[in-house]
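The entries follow in the order in which I looked things up.

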Amino acid sequence: MTEHALLAAYPTVYAVGEDYQIVVPVTEETVMWVGVGGKNYYDDVNGILRSDTRTHKIAVSGKALDEARSYTVFWRRVNERKPYFSDLGEEERFTVPFRPVRGEELHFYHIADAHNRVDSPIRAAKNCGEALDFLVLNGDIPNHSGDIRNFEAIHRIAGEITRGEIPVIFSRGNHDTRGIYAEHLAEHTPTDGGRSYYTVRLGSVWAVVLDCAEDKTDDHAEYGHTVCCHDFRLRETEFLKRVASDPEHEYGAPGVKHRLVIVHNPFSETLPPPFDIEKELYAEWCAILKEKIRPEMMLCGHMHACYVTLPGTEKDHKGAPCPVVVASVPGKTAEEFIGGAITLTEDGYVVRFTDQDGNEKNTVHIKN
């Protein structure tokens with residue numbers, strides 16, 4: 001925890017596109033902004049500083065933060081917000097060093113399916129034996145969105161592992177879509193204009209973050225007529241087509257050496273009913289990725305297992321565009337968790353499945 005009691009967790013620097021969104025959870029009402037390289041970036045709505053929130057989210061220039069290598073979070077406590085002469089506290093601040101993604105060999109840790117576990121995923125990442133360049137949170141970090149306090153798991157895991165000093169890539173999982181606060185998740189996590197699917201550029205790494213949303217048909221009784229995920233996926237398909245048709249500004253941009261797909265559900269697999277949805281649509285996603293983008297890895301959770309599926313093997317039912325790395329086991333107790341410690345190299349990558357104590361359960365080497 002930081003030295004400032006008002007901060008509920010360390011800030012988190014999320015990567016979206018070529019820029020960052022800095023998320024800061026707080027314990028009381030504040031207005032907030034971030035300073036980077038002499039420029040201020042505000043948490044505002046059309047020029048009005050937001051205070052009626054316990055999660056501040058501030059978009060900052062990726063280029064500016066990479067060059068500055070530090071940022072300062074500023075805030076004022078709100079004693080009383082009035083139409084005239086509001087009563088706010090003195091300016092407070094917290095400066096954080098930042099390390100952009102650089103270098104030929106890159107290390108990151110993958111966490112999915114924490115389901116409200118906090119300490120064991122944090123320990124798994126911290127004990128993996130590598131100095132991390134970035135972190136991936138790949139869905140179902142809260143157990144569900146029926147209680148807004150569940151979102152604290154996202155902030156605490158990301159904040160404690162990174163301390164706001166390295167970037168994080170975030171994707172939504174199917175459990176995140178469940179509950180009264182699911183429609184508010186975008187206020188507490190990074191999005192691209194409200195969309196939970198987007199692309200990311202971190203140094204030599206380019207990634208497309210996809211979102212399968214729910215894992216059963218929209219009319220399933222479990223959802224009680226509260227979802228329209230099929231239409232959501234149709235819109236996402238058009239997004240993926242646009243990305244695939246723009247290599248110059250996306251996956252084929254100068255300096256890109258690694259192309260990743262980050263998605264909670266390993267959609268190249270077809271699971272037993274009632275989870276066998278969107279066979280044609282997911283096959284189309286695989287084809288677009290395989291024919292145009294040609295990623296080196298698809299990184300997933302959802303299965304509560306750790307394995308790697310190669311294209312054309314038993315679990316590849318739809319024409320996987322690349323090896324599919326599934327890397328998360330929540331464990332039988334809250335004290336147990338297994339995630340993926342991944343190293344990207346010039347000629348491939350190494351996946352180590354490690355637990356909360358740093359024990360390696362298995363290691364897989366993939367050559368490009």
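I began with Tyr282, which counts as buried at 4% relative accessibility, where buried means under 20% relative accessible area, exposed over 50% and partly exposed in between, with a 1.4 Å probe and protein chains only. This is a predicted model, in which local features need pLDDT of at least 70 and side-chain atom pairs count only at pLDDT 80 or more, while totals for chains, interfaces and linings use all residues. I noted too that residues are numbered from 1 along each chain as its sequence is written, and that side-chain values use heavy atoms, with hydrogens and water left out.

**Aromatic rings**

I counted twelve aromatic pairs, taking rings of Phe, Tyr and Trp (its six-membered ring) as paired if their centres lie within 6.5 Å, with planes under 30 degrees apart as stacked, over 60 as edge-to-face and the rest as tilted. One of them is Trp206 with Tyr251, an edge-to-face pair at 5.7 Å centre to centre and 65° between the planes. Trp206 belongs to strand S15 (residues 205-209) and Tyr251 to the loop between helix H5 (229-244) and strand S16 (258-262), so the pair links distant parts of the chain, 45 residues apart, with helices (H or I, at least four residues) and strands (E, at least two) being DSSP runs numbered from the N terminus. I found both Trp206 and Tyr251 buried.

I then returned to Tyr282, which forms an edge-to-face pair with Trp285 at 5.2 Å centre to centre and 65° between the planes. The two residues are three apart in helix H6 (residues 279-293), which means that about one helical turn separates them. Trp285 is buried, with a relative accessible area of 0%. I also noted a cluster in which ring pairs link Trp33, Tyr42 and Phe74.

**Charges over rings**

I looked next for a charge over a ring (NZ of Lys or CZ of Arg within 6 Å of the ring centre and within 35 degrees of the ring normal). Lys39 has its charged end over the ring of Tyr41, 5.2 Å from the centre, and Lys315 lies over the face of Tyr307 at 4.9 Å from the ring centre.

**Salt bridges**

Which residue forms a salt bridge with Glu67? I found Lys63, with the closest N and O atoms 2.8 Å apart, a salt bridge being a side-chain nitrogen of Lys or Arg within 4 Å of a carboxyl oxygen of Asp or Glu. Both residues lie in helix H1 (residues 62-68), four residues apart, about one turn of the helix. Glu67 is exposed at 55%, and Lys63 is exposed at 58% relative accessibility.

Asp347 and Lys367 form another salt bridge, with 3.1 Å between the closest N and O atoms. This pair links distant parts of the chain, 20 residues apart, with Asp347 in the loop between strand S20 (338-345) and strand S21 (348-355), and Lys367 in strand S22 (residues 360-367). Asp347 is partly exposed at 41%, whereas Lys367 is exposed at 63%.

**The six-stranded sheet**

I traced an open sheet of six strands with mixed pairing, in the order S14-S15-S16-S17-S19-S18. Its edge strands, each pairing on one side only, are strand S14 (198-202) and strand S18 (305-309), where two strands pair if DSSP finds at least two bridges between them. S18 pairs with strand S19 (residues 324-328) in the antiparallel sense over five bridges, and Val308 stands opposite Val325 in S19.
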